[in-house]
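Subject: Structure for your records

Dear colleague,

I am passing on the structure we discussed. Please look it over first; my notes follow below.

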Amino acid sequence: MRLLLVDDETELVSALAERLRLRGIETDFATDGDAAADKVRANAYDLAVLDMKMPGLSGLDLKKKLQRLRPGMRFIFMTGHGSEEDFRAGSAEAAGYLVKPVRIEALIAAVQAALAGGQG
């Protein structure tokens, strides 16, 4: 399993990536949409965890871009805002939706569920 985390909060995304690696999940991270697209062009990820609200590309727009690069890649959204609108959009477009702060156990469970099936 190879995972890409994308969030503009560098400390958060680097800490999550390190914790996932310690649990044996091969994980890279990016802090913006362009860097994420570059990583997806260069690597075969099974799943991406995308922040819903980032400067530049939104999580929804980034998902569409990454899907064009890697059809079949799965997605989970996370947000610090947790609005009803974000929840509806994220739930409809991805295999999972998490609200920050994200507990590592909840992230791992969402990753495992997303890779086991479902949409997104």
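Which residues of helix H3 (residues 59-69) are buried? The model is a predicted one, and in it the buried residues of this helix are Gly59, Leu62, Lys63 and Leu66. Viewed down the axis of H3, they fall within an arc of 105 degrees, so they line one face of the helix. Their packing partners are strand S1 (2-6), helix H2 (33-42), strand S3 (47-51), strand S4 (74-79) and helix H4 (84-93). Arginine 68 also belongs to H3, but it counts as exposed, with a relative accessibility of 64%. Its C-alpha atom is separated by 18 Å from that of methionine 52, which is 16 residues away along the chain.

Overall fold

The chain has five helices and five strands, and along the sequence they follow the pattern β-α-β-α-β-α-β-α-β-α. Its radius of gyration is 13 Å, close to the 14 Å that the globule rule gives for 120 residues, so the chain is as compact as a globular protein of that length. Taken along the principal axes, the C-alpha atoms fill a box of roughly 35 × 30 × 30 Å. Of the 120 residues, 43% count as buried. Among contacts with a separation of 6 or more, 63% are between residues 24 or more positions apart.

In soluble globular proteins, nonpolar side chains tend to be buried together. Here the largest nonpolar core has 19 residues, of which Leu3, Leu5, Leu20, Val49, Ile76 and Leu107 touch the most other members. Two or more residues each come from S1, helix H1 (10-22), S3, S4 and helix H5 (104-116). H5 gives the largest share of this core, six residues. Leaving aside neighbours within four places in sequence, leucine 107 is in contact with Leu16, Leu20, Val49, Leu98 and Val102. There is also a second, separate core of 18 residues, which includes Met52, Leu62, Ala94 and Tyr97. Leu62 is one of the buried residues of H3 listed above.

Two further sites

Leucine 47 lies in strand S3. It is buried, with a relative accessible area of 1%, which is under the 20% cut-off. Not counting residues up to four places away in sequence, leucine 47 touches Arg2, Leu3, Leu4, Met73, Arg74, Phe75, Ile76, Val111, Ala114 and Leu115.

Proline 101 lies in the loop between strand S5 (96-99) and H5.

Confidence

The average pLDDT of the chain is 91, and 97% of the residues score at least 70. Strand S2 (residues 26-30) has the highest confidence, at a mean of 98, whereas H4 has the lowest, at 74. Where pLDDT is low, the predicted coordinates should not be read in detail. H4 is among the elements that the buried residues of H3 pack against.

Best regards

Technical notes: Residues numbered from 1 in each chain as written. Predicted model: local features only at pLDDT ≥ 70, side-chain atom pairs only at ≥ 80, totals over all residues. Heavy atoms only, no water. Buried < 20%, exposed > 50% of the residue type's maximum accessible area, 1.4 Å probe, protein only. Helix = DSSP H or I, 4+ residues; strand = E, 2+ residues; numbered from the N terminus. Arc of directions from axis to C-beta. Contact = heavy atoms within 4.5 Å. Core = buried A, V, L, I, M, F, W, Y, C linked by side-chain atoms within 4.5 Å. pLDDT = per-residue confidence, 0-100. Rg over C-alpha atoms; globule rule 2.2 N^0.38 Å.
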